[in-house]
Amino acid sequence: MDVYKLLPKTNCKKCGHTCLAFATKLILREVKLEDCPLLFEDKYAENLAKLRELLEPVMDTYETGLKLDESKCTGCGNCVVVCPANVSVDPSVARGMGANSEEVVFRVEDGVAKIVNLERCRRFPPDRINCRMCEQYCYSKAIEIY
Amino acid sequence: MRVEAVCTGCSLLCDDIVVEVKGGRVKKVLHACAIGAKRIESALEAERALKPLAGGRIVSLDEAVKQAAEMLREARRPLLYGWCNSVNEAVRLGLELARKVNGFFDGPMSVCHGYSIWYARMKGIRPPKLDEVLDRADHVVYWGCNPAESHHRHASRFAVFPRGEKTPEGVESRSVTVVDVRPTRTMRIANHRLIIPPGRDAALAKLIAGELSGSRGKPSEAGVAEEEFYSFIESLKRSTYVVVFYGLGLYSAGERSGVEGLYELIKVLESSGVKAAAIPMSGHYNMVGAVEEALSATGYPYAIDFSGGQPSFSQEQTAVKLLSKGEFDVVLVIGSDPLASMPRQAVSGLKKSKVIAVDYQLSLTARAAELVLPAAVGGVESGGTATRMDGERLELKPFLEPAGCSRADEEILKMVAKEL
């Protein structure tokens, strides 16, 4: 509701949604503030600043929830194969093979795991599942979830 | 250009590697672990042996080959050492060469998993293929080994995490047990962690076998914590297919009772209606191949003495022991670095002999050698077949041209044999 109150509340649907739906989607990170053109008009400048302030911790939590320290990684690939999101986009990963799809969350390159698509992680909206498989099975504690 | 490759970083021989090559250089390596990626990188390193060297002086390949042949021909007692980092075809040529010069054929397998591989073959035990482990094993035991540090992809590529036919949930369809003398990184993925004092492996195997056949022993006899032990036994009794991957930890102080005890336990498991198998975690990429080639050519696994014309073998007379006595005057070392890895007395013996090093890198041994014959990096610059830890033969897929004057091991051995 706090987010909704700061929106223009005109239901102009220029973003494709009503303002209430837009507020919900903002929290779920399915839309960005930039999707609402009205917010960038001068009269909403103060509201926009407040919205940014309000949403920052939410954004930050999700963005930094998963951390991979490449200097600790040995490229074992446990994260690649155990990650359910990886398996769903690249079925050969389910058989222990390296991930060749560009759509995966993790892939091992030059001997270390890399995060290719963080937004595919199940911890992100819309799933928002408290999945910690990669962290749990990392041999070297290179992966940490905050 | 993207090419497929088989990794020769360890005996897992991961065959899903993708390498991006541009203008004869490696741009990116996909899916290989740190060990595998490093091996591919090493082909392009400054420490690379690129030119034949005689007494530290650059010579032509022909000259070096002639000198190698001469050294071997005139040797009173030559040792041909290595073979675990060479393809099967090169090992076969090495055995022929050893026969030709009445030499002694051995390598790291005699102080590593050679005995395990041989023991299983003697007993007629064929290990299951890793793909079968992937599909069916619902209890994986890592005993005296630490794949998190040595075979990085073992759990993710085959044994623990993949979803198989009878293991549809991957890691959640399996139990994982680690037996070791201290907490290890591999224990981070384990359900059961059994920590025992060094040298108690045979006692633990006996204790487990006893539990399965109804005779209760005391966990303290094997020095294992009671609670952890019984929760492991409960889990073991619920399992349908148990595969034990074992490491050199089972050879405490050179004792073989650990390995023999483990195979006894496998028998007991089988007789209690559980499918069970054991696979040694050999390190070098073709240790299994080297032992199998030696067995098929001579009937002996390693430490084969051709000095009497006919091959002979004694388990107690390994290269390390004979080098310690200063027995060899000429040593051909192929794909191994004994100066860096052997015990002090053996190193003293090696230093007294003339060394011919066939290697892709200027190792400690190559630097001290009389003669260096630069080799191509197996799996990267040269092909052939190698044998995975489970006995599966794989064709390597080289993707770079051999650098400098380097040649495949086979080619070098053929040239030397021809010169003889």
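1. A salt bridge is taken here as a side-chain nitrogen of Lys or Arg within 4 Å of a carboxyl oxygen of Asp or Glu. In this predicted model, the side chains of Glu102(A) and Arg107(A) form such a pair, with an N to O distance of 3.5 Å.

2. A second salt bridge within chain A joins Glu135(A) to Arg132(A), with N and O 2.9 Å apart. Glu135(A) has a relative accessibility of 23% and therefore counts as partly exposed. Arg132(A) is partly exposed as well, its relative accessible area being 33%. Elsewhere, salt bridges with shared partners connect Glu102(A), Arg107(A), Glu109(A) and Lys28(B) into one network.

3. Glu34(A) and Arg52(A) provide a further salt bridge, in which the closest N and O atoms are 3.7 Å apart. This pair links distant parts of the chain, the residues being 18 apart: Glu34(A) belongs to the loop between helix 2 (19–27) and helix 3 (45–64) of chain A, and Arg52(A) to helix 3 itself. Arg52(A) counts as partly exposed because its relative accessibility is 41%. Over all chains, a search of the whole structure finds 31 salt bridges.

4. The interface between the chains may be considered next. On chain B, 31 residues are in contact with 28 residues of chain A. The two chains bury about 2,500 Å² between them, and 49% of this area lies on carbon and sulfur atoms. Three residues, His31(B), Arg163(B) and Arg188(B), supply 25% of the area that chain B buries against chain A, which is more than any other three residues supply.

5. Two salt bridges are counted between chain B and chain A. In one salt bridge, the side chain of Arg95(A) meets that of Asp135(B) at 2.7 Å, N to O. Polar contacts between chain B and chain A number twelve residue pairs, counting pairs with both residues at pLDDT 80 or more.

6. Several secondary-structure elements form the side of chain B that touches chain A. Strand 3 (25–30), helix 1 (34–42), helix 5 (130–136) and helix 7 (154–159) of chain B each contribute at least two residues to this side. The largest share, four residues, comes from strand 3 of chain B. By residue class, this side of chain B consists of 14 nonpolar, five polar and twelve charged residues.

7. The domain assignment divides chain A into domain 1 (2–64) and domain 2 (66–145). Taken over C-alpha atoms, the centres of domain 1 and domain 2 of chain A are separated by 31 Å.

8. Ser336(B) is placed in the loop between strand 15 (330–334) and helix 13 (338–341) of chain B. Is Ser336(B) buried or exposed? Ser336(B) counts as buried because its relative accessibility is 11%, and buried means under 20%. Leaving aside neighbours within four places in sequence, Ser336(B) is in contact with Tyr81(B), Gly82(B), Pro108(B), Asp359(B), Ser363(B) and Thr365(B).

How values were computed
Residues numbered from 1 in each chain as written. Chains lettered and ligands numbered in written order. Predicted model: local features only at pLDDT ≥ 70, side-chain atom pairs only at ≥ 80, totals over all residues. Heavy atoms only, no water. Contact = heavy atoms within 4.5 Å. Buried area = accessible area lost by both parts, 1.4 Å probe. Polar contact = N/O pair within 3.5 Å; in protein donor to acceptor, adjacent residues only side chain to side chain. Nonpolar A, V, L, I, M, F, W, Y, C, P; charged D, E, K, R; others polar. Domains from an automatic or database assignment. Buried < 20%, exposed > 50% of the residue type's maximum accessible area, 1.4 Å probe, protein only.
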